[in-house]
Amino acid sequence: MKKTTKRIIRLLFGVAFLLSVTFPALAAYSHFETGVVSETGFYVGASGTEVEVIDKNGTLIIDGVELTATATELNAISLFGYSSFTAGEAVEANRVVYFNTVTEAIYKADENSAVALGVNISGAVEADDDIYVGIGLATVVADQEIEAGNLIKTAADGRVISLVTSDFSGDTMEAGAGGNFGNQPANGAVELVSSEAADTTQQVTIYGTTNGGDGTVVTETVTLTGDTPVATTKVDWGLILGVEMDSVATGTVTIREGSADQTITTITTGNLTAGILEVEDEIRAFNQKPTIVADDSTTKYFSVIGTDEDHAALTEKATALAGASAVTLANKYNTITRILVGDVESARTVTLKVGALDATNLKIGKAIEAAAEINDEILALITP
């Protein structure tokens, strides 16, 4: 049996044993800057390279060996179990990692991983460096806001994110009425005009589909020319799903179908959007596929705008609602910021909800501290 495989077996055996027993609660925990003291009298402290490791008898012994350690090595002692491996790539400190059985090396865990092994407790390492991997009380890197006490799973680049439990699944992210756009261009251009000649600096972005296309949402930004109509470059719009301006206009801005000047929608003075719901109450989608539902019968089209699991911009293809039956989005989202409902009737309320429960095997532990945003470092109990 290869050495690395033996290390994994020892680590997992130790984890299984240690998770089967009850540990004394820590009376104080300060991340080893000043020390850890348990209720049974153990003390472990570190500052820089100076360390103290003392048990109730005055010494600490691990596996029958009296410990001598640097501050970096001592961080492993905060864990239930740890072992040394070889890094297969550069791994930043405190990232969740997994073991590749082909290369026999450690890599940063992907989002929603079911094979996470533990956390890099070595500090930043390069490929081929030795890397310590541990579980238990450890510092991890958040992928977005996390409340203390939340169960967590892996996110992109070895970060962590809240697990979708019953506390989140089905929660409303945003709800609102449709935009009730009329006179959809259906293979035409779109024109924009203000009721005021002074409106010549506002930029208006149109979100819509291509006539006869696959539902991919395209955008075009047009600068108003006051009360003189200005047409879009695109002349084959299918559906207009939403419109937004970068600054408030003095007059009412009309967005109209190009061939017969029929009004699609308007943006009145003091407003910036039409057919767009801003997701303000809960932008987190937790790297899951959200669902969307109407309050009654409709098959009108919607889209959403947000970010994917790697935080890249992502827009859903225009998709038909199914009335009061929930529609699951095609993509997993980290966050969603806007819902495009211009095509939906104003009599319909559309509700976006957090997606289905995560599988239990995605849980890697629990957040002990809260994170406010991406890249916050927090204390967690890691038990993959």
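I began with a definition: a charge sits over a ring if NZ of Lys or CZ of Arg is within 6 Å of the ring centre and within 35 degrees of the ring normal. By that rule I found the charged end of Lys 234 over the ring of Trp 237, 5.5 Å from its centre.

I noted that this is a predicted model, in which local features need pLDDT of at least 70 and side-chain atom pairs count only at pLDDT 80 or more, while totals for chains, interfaces and linings use all residues. Residues are numbered from 1 along each chain as its sequence is written, and side-chain values use heavy atoms, with hydrogens and water left out.

**Aromatic pairs.** I searched for rings of Phe, Tyr and Trp (its six-membered ring) with centres within 6.5 Å, counting planes under 30 degrees apart as stacked, over 60 as edge-to-face and the rest as tilted. The whole structure gave 3 such pairs. One of them joins Phe 85 and Phe 99 in a tilted arrangement, 6.0 Å centre to centre with 45° between the planes. Phe 85 belongs to strand 7 (residues 79–86) and Phe 99 to strand 8 (residues 96–100), so the pair ties together parts 14 residues apart in sequence; strands here are DSSP runs of E, at least two residues, numbered from the N terminus. I checked burial (under 20% relative accessible area, 1.4 Å probe, protein chains only), and Phe 85 is buried at 1%, as is Phe 99 at 14%.

I then looked at Phe 168 and Phe 286, a tilted pair at 4.7 Å centre to centre and 40° between the planes. This pair links distant parts of the chain, 118 residues apart, with Phe 168 in the loop between strand 13 (160–162) and strand 14 (172–177) and Phe 286 in strand 24. Phe 168 is buried at 10% relative accessible area, and Phe 286 is buried at 0%.

**Nonpolar cores.** I took a core as a set of buried Ala, Val, Leu, Ile, Met, Phe, Trp, Tyr and Cys residues joined through side-chain atoms within 4.5 Å. The largest has 23 residues, of which Ile 292, Val 304, Ile 336 and Ile 339 touch the most other members. Strand 30 (333–340) is among the strands that each supply at least two residues of this core, and its 3 residues are the largest share. Apart from this core lies another of 18 residues, including Val 190 and Leu 224.

I traced an open sheet of 4 strands in the order 17-16-19-22, with antiparallel pairing, where pairing requires at least two DSSP bridges between two strands. Strand 17 (218–223) and strand 22 (273–274) stand at the edges with a single partner strand each, so one side of each is left without a neighbour in the sheet.

Key:
Buried means under 20% relative accessible area, exposed over 50%, partly exposed in between (1.4 Å probe, protein chains only).
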